[in-house]
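Please find below my comments on the model you sent. They are set out as numbered points, for reading alongside the coordinates.

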Amino acid sequence: MSLAHRLVILARIVIGGLALAFVILLLRPQLIAHGPTVVIQEAAPRKTQTPGPVSYAYAVKKAANAVVNINTAKVVVTRPRRGPGFPFFEPFIGRRPPASRKRVETSLGSGVIVSKSGFILTNFHVIRGADAIRVFLKDGRSAKARVVGVDPATDLAVLKIHLPRLTAITLGHASDIAVGEVVLAIGDPFGIGQTVTMGIVSATGRDALGLNPIENFIQTDAAINPGNSGGALINTEGHLIGIDSAIYTHSGGFQGIGFAIPVNLARHVFRQIVKYGHVIEGWIGVAGQTLTPALARALKLPRSTHGVVVAAIYKNGPAAKAGIRPGDVLYAINGRPLRSANRALLTIADTKPGTPVTLGVLRAGRRLTVHAIVATRPP
């Protein structure tokens with residue numbers, strides 16, 4: 001083989017190698033070094049789709065017939081202002097005072113049928129001051145409702161209607177309520193008709209909002225709007241876990257923060273109203289404020305101190321008889337630490353009247369133990 005022939009073969013080999021390298025780099029550009037090697041973790045392609053909830057129609061179908069629209073009417077008397085004139089001379093010229101005028105104010109809300117016998121749970125503010133209440137069912141029927149009882153402290157009310165073949169909702173439990181759980185709100189926003197919205201439980205145990213004397217709200221981002229008040233917050237099984245009550249808003253519309261009264265509190269109030277006509281709850285006759293770091297500093301207490309500062313004592317109430325004084329700090333009830341005034345109120349409210357309780361009291365830097373007998377909360 002001549003030298004020229006060998007050079008031709010070598011040239012072909014070099015050209016072929018360069019062409020192969022070019023093709024490899026073209027197909028695998030990540031092999032070109034532009035910097036340090038970074039190791040990343042990638043999931044393998046899924047062979048099958050992970051099963052998950054694709055529809056909540058079953059839950060809605062189970063609960064929707066138990067959610068009603070509530071229409072209230074209230075007669076408002078207005079007295080027109082006097083026109084121009086001289087009141088001193090009116091008796092002499094025979095001028096009559098302006099007549100009073102009556103007008104009817106209407107409002108809309110929602111409610112939940114909790115018993116096939118016709119009992120309905122709703123918000124107190126939905127029916128407050130109403131002269132007439134009418135309930136409209138999803139199947140088109142309607143009925144006049146009467147008020148069985150109300151509890152302004154929790155913003156709950158119980159109504160009663162008389163209709164056959166009613167669908168009652170299934171009540172869930174507080175233990176079923178978990179942050180992150182999917183929930184559905186059913187109600188009649190703006191009076192446009194029954195509407196379902198979806199969200200999650202954003203938080204539980206919300207209090208100190210200034211909405212009700214007794215607060216223990218579920219927070220959700222399921223859309224709640226005017227007209228939803230008194231409606232149902234359900235889980236994906238169609239069970240009632242809350243009564244939709246309020247929203248946090250700057251514009252008047254929904255902004256992703258809604259509040260519902262948890263089902264366990266609603267169940268307790270419902271049973272009390274049906275049995276007694278009102279709610280019987282524990283009371284010790286104390287008005288207090290949650291001890292904040294600023295208050296602790298003002299009272300010359302360690303920042304870590306927790307409890308409720310007693311602002312006022314009701315005369316002849318259980319706390320007054322037990323020797324509690326304004327300025328005392330209640331830090332425990334029956335050995336359970338108190339973190340907020342609302343939590344103290346809930347703990348006492350859940351205690352049966354006539355039950356003795358032990359109060360941990362901090363007074364002038366000294367820890368005391370005080371015994372009191374829980375009374376019935378006055379109206």
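How many salt bridges does a search of the whole structure find? The search finds four. The points below start from the overall make-up of this predicted model and then come back to these pairs.

1. Overall make-up. The protein chain has 379 residues, and 39% of them count as buried. Its secondary structure comprises eight helices and 22 strands. The accessible surface is about 22,500 Å², with 58% of that area belonging to carbon and sulfur atoms. Taking contacts between residues at least 6 apart in sequence, 62% join residues at least 24 apart.

2. The pair Asp-151 and Arg-377. These two residues form a salt bridge in which the closest N and O atoms are 3.3 Å apart. The pair links distant parts of the chain, since Asp-151 sits in strand S6 (residues 146–151) and Arg-377 in the segment after strand S22 (375–376), 226 residues apart. Asp-151 counts as buried because its relative accessibility is 4%, under the 20% cut-off. Arg-377, at 23% relative accessibility, counts as partly exposed.

3. The pair Arg-377 and Glu-281. The side chain of Arg-377 also meets that of Glu-281 in a salt bridge, at 2.6 Å from N to O. Here too distant parts of the chain are linked: Arg-377 is in the segment after S22, whereas Glu-281 is in the loop between helix H5 (263–276) and S15, 96 residues apart. Glu-281 has a relative accessibility of 2% and therefore counts as buried.

4. The pair Arg-363 and Asp-328. A salt bridge joins these side chains at 2.8 Å, N to O. Arg-363 belongs to strand S20 (residues 356–363) and Asp-328 to the loop between helix H7 (318–322) and S18; the pair is 35 residues apart and links distant parts of the chain. Both partners count as buried, Arg-363 at 16% relative accessibility and Asp-328 at 2%. As for shared partners, salt bridges join Asp-151, Glu-281 and Arg-377 into one network. In general terms, side chains of opposite charge can pair when their charged atoms come close.

5. The largest pocket. About 870 Å³ of space lies in the largest pocket. Which residues lie nearest its centre? They are Pro-213, Ile-214, Trp-283, Leu-345 and Arg-377, out of a lining of 38 residues. Elements that give two or more residues to this lining are S6, S15, strand S16 (286–290), S18 and H8. By class, the lining has 22 nonpolar, 11 polar and five charged residues.

6. Helix H8. Which element gives the most to the lining of the largest pocket? H8 does, with six residues. This helix covers residues 341–349, and its buried residues are Asn-342, Ala-344, Leu-346, Thr-347, Ile-348 and Ala-349. These buried residues pack against strand S15 (282–283), strand S17 (308–313), strand S18 (329–333) and strand S19 (336–337). Of those strands, S15 and S18 are also among the elements that give two or more residues to the pocket lining.

7. Ala-132. This residue lies in strand S4 (residues 132–136). Is Ala-132 buried or partly exposed? Its relative accessible area is 38%, so Ala-132 is partly exposed. Leaving aside neighbours within four places in sequence, Ala-132 is in contact with Asn-71, Thr-72 and Ala-73.

8. Backbone angles to check by eye. Most residues other than glycine have a negative phi. Asn-334 has a positive phi, near 55°, and is found in the loop between S18 and S19. With a relative accessible area of 46%, Asn-334 is partly exposed. Ala-364 likewise has a positive phi, of about 55°, although it is not a glycine. Ala-364 lies in the loop between S20 and strand S21 (366–373), and its relative accessibility of 80% means that it counts as exposed.

Terms used:
Residues are numbered from 1 along each chain as its sequence is written. This is a predicted model: local features need pLDDT of at least 70, side-chain atom pairs count only at pLDDT 80 or more; totals for chains, interfaces and linings use all residues. Side-chain values use heavy atoms; hydrogens and water are left out. Helices (H or I, at least four residues) and strands (E, at least two) are DSSP runs, numbered from the N terminus. Buried means under 20% relative accessible area, exposed over 50%, partly exposed in between (1.4 Å probe, protein chains only). Contact means heavy atoms within 4.5 Å. Accessible areas come from the Shrake-Rupley method with a 1.4 Å probe; for residues, only the protein chains shown count as cover. On a 1 Å grid over the protein atoms alone, a cavity is a set of points where a 1.4 Å probe fits but cannot get out, and a pocket is an open set with protein on both sides within 12 Å along at least five of seven lines; lining residues have an atom within 4 Å of a point. Grid points are joined across faces, edges and corners, and a volume is the space filled by probe spheres set on the points. Ala, Val, Leu, Ile, Met, Phe, Trp, Tyr, Cys and Pro count as nonpolar, Asp, Glu, Lys and Arg as charged, and the others, Gly among them, as polar.
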